[in-house]
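Try each task before you read its solution.

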Amino acid sequence: LHLLAVAFWTGSLLPLAWAARRGQAELVEAWSRAAVWAVAAIAGTGLALAALLVRRGDLLFAGWYGYALVAKLALVGVMLALAARHRFLLTPRLTGGGGAALARSIQLEAVVALLVFWAAAELVSVHPVDAGHRIQG
């Protein structure tokens, strides 16, 4: 579910920028309403996965995993802030010719999404220390 929701959100970004640039307000608004459910699924499943993998918070930063997790969460926070800006500030301006600004901001969100993928790749290449691995050093 987590990956399906992520694929919906990030896979839609460039076509959404294209629609914004063309002033297709109804399409952008409809996507924005659907995206709320994707964001809820991402948040819920992401928190559940983190809770399953990180069993001891005191060991979170004993290895690289904790830093990668925090980086991913921070970058997702940036994406959420951009998405909120799109929905509440830039999308209402779309009918008045604000499509170029929205498209540029969506493209920035796509770049941040690539950084989230980098952090996610780091997460799958290392393990939390409390998952059976010893603390080095």
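**Exercise 1. Find which residues touch the most other members of the largest nonpolar core.**

Step one: the core takes buried Ala, Val, Leu, Ile, Met, Phe, Trp, Tyr and Cys residues joined through side-chain atoms within 4.5 Å, with buried meaning under 20% relative accessible area for a 1.4 Å probe, protein chains only. Step three: at least two core residues come from each of α1 (2-21), α2 (25-53), α3 (64-90) and α4 (99-125). There's also a second, separate core of six residues, including Tyr 65 and Leu 123.

A quick word on ground rules: this is a predicted model, where local features need pLDDT of at least 70, side-chain atom pairs need 80 or more, and totals for chains, interfaces and linings use all residues. Numbering starts from 1 along each chain as its sequence is written, and side-chain values use heavy atoms, with hydrogens and water left out.

**Exercise 2. List what Val 28 is in contact with, leaving aside neighbours within four places in sequence.**

Contact is heavy atoms within 4.5 Å. Val 28 then meets Leu 16, Ala 19 and Ala 20, plus Thr 91, Leu 94 and Leu 102.

**Exercise 3. Describe the whole chain: how many helices and strands, and what box?**

Counting DSSP runs (helices H or I, at least four residues; strands E, at least two) gives four helices and zero strands. The C-alpha box is roughly 60 × 25 × 20 Å along the principal axes. Finally, 38% of the 137 residues are buried.

Methods:
Buried < 20%, exposed > 50% of the residue type's maximum accessible area, 1.4 Å probe, protein only.
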